[in-house]
Amino acid sequence: MYPFAYTKPADTAAVLAAGARGGRYIAGGTTLVDLMRETVERPGTLVDISGLPLEDVRDTARGLRIGALARMADVAAHPRVRAAYPVLTQSLELAASPQLRNMATIDGNILQRTRCTYFRDVSAACNKRRPGSGCAALDGYNRSHAILGTSDACVATHPSDLTVALAALAASVHLLGPDGEREVALTEFLLQPGDTRTASTTCGEVN
Ligand SMILES: Cc1cc2nc3c(=O)[nH]c(=O)nc-3n(C[C@H](O)[C@H](O)[C@H](O)COP(=O)(O)OP(=O)(O)OC[C@H]3O[C@@H](n4cnc5c(N)ncnc54)[C@H](O)[C@@H]3O)c2cc1C
């Protein structure tokens, strides 16, 4: 590990301000801390958003709204989700382990970075981790990589089981930034596997 700063702002405005100063958001930490330990990611400041009141799961006129910080385990077990959106429960209960699902959040799941072995191996070429360095997966162990939507720069799939179910349900994400809130279709928000950008989404350089 290496030295980094840590802050836990009390409200959304302070979280956004800390993010605008270059801080990296951390929710359950089940992916980001791993990546920091492996020095794949080296954020200077962690902005802990886990104290924000964003855990609600509720019905709205347009369908189910899941709070960004709802835990995977809680969403999977939610009576309304189980009854009306069983595919979400199934996708969540197949993912990771009970311990991880108790800690991990829905936004962290959607925004997790690729689990491609070569992305996580800092000695390997990876256009997602170091743009322009190449893609070791193309001629390496690539059994679990993407077949559709790839390019000669990247073949990594998105690692979230939940996003597949959400895409099938035509879900959208609500983004909050300095310019207010906006809604984006999930399938437009996430990049295609072959995209050479180092980001995971269409809305940011890292996340
Ligand atoms: C051993 C293991 C097995 C796993 N198996 C599976 C599996 O089978 N299927 C599956 O789907 N997943 C799997 N996962 C991934 C797991 O689901 C994720 O680690 C988890 O969902 C991440 O949630 P988190 O809240 O801990 O995110 P964090 O680690 O806190 O964050 C993840 C990323 O999202 C960013 N982020 C979080 N919140 C925000 C926000 N509000 N705005 C902007 N950026 C944000 C962070 O900066 C970070 O880059 C596995 C993980 C592990 C460790």
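Predicted model: local features only at pLDDT ≥ 70, side-chain atom pairs only at ≥ 80, totals over all residues.
## The ligand and its contacts

The ligand is surrounded by 27 residues, and the closest of them are Tyr25, Thr30, Thr31, Thr105 and Asp161. In Thr31, an N or O atom of the side chain lies 2.5 Å from an oxygen atom of the ligand. In Asp161, an N or O atom of the side chain lies 2.7 Å from a nitrogen atom of the ligand. The backbone takes part as well: a polar backbone atom of Ala96 is 3.2 Å from an oxygen atom of the ligand.

How much of the ligand does the protein bury? On its own, the ligand would expose 980 Å², and the protein buries 84% of that area.

## The shell around the ligand

Helix α7 gives the most, with four residues. Domain 1 (1-52) and domain 2 (53-114) each provide at least three residues of this shell.

Sorted by class, the shell consists of 12 nonpolar, 10 polar and five charged residues.

## The second largest pocket

The second largest pocket holds about 430 Å³ of space. It is lined by 22 residues, and those closest to its centre are Thr157, His158, Leu190, Leu191 and Pro193. Helices α8 (161-168) and α9 (186-189) each supply at least two residues of the lining. Helix α8 gives the most, with three residues.

At least three lining residues of this pocket come from domain 2 (53-114), and at least three come from domain 3 (115-157 + 170-207). By class, the lining of the second largest pocket has 10 nonpolar, 10 polar and two charged residues.

## The cavity

Rolling a probe the size of a water molecule over the atoms shows where empty space is left. How many cavities of 30 Å³ or more does a search of the whole structure find? The search finds one. The largest cavity has a volume of about 80 Å³.

Of the 16 residues that line the largest cavity, Cys116, Cys126, Cys135, Cys154 and Ala156 lie nearest its centre. The lining of the largest cavity is made up of 12 nonpolar residues, three polar residues and one charged residue.

## The two ends of helix α1

Helix α1 covers residues 12-20. At its start, a side-chain oxygen of Asp11 comes within 3.3 Å of the backbone nitrogen of Ala13. After α1 comes Gly22, which has a positive phi, near 105°.

Note on methods. Residues numbered from 1 in each chain as written. Heavy atoms only, no water. Near = heavy atom within 4 Å. Polar contact = N/O pair within 3.5 Å; in protein donor to acceptor, adjacent residues only side chain to side chain. Areas by Shrake-Rupley, 256 points an atom, 1.4 Å probe, with all protein chains shown as cover. Nonpolar A, V, L, I, M, F, W, Y, C, P; charged D, E, K, R; others polar. Domains from an automatic or database assignment. 1 Å grid on protein atoms, 1.4 Å probe; cavity = no way out; pocket = protein on both sides within 12 Å on 5 of 7 lines; lining within 4 Å. Points joined across faces, edges and corners; volume = space filled by probe spheres on them.
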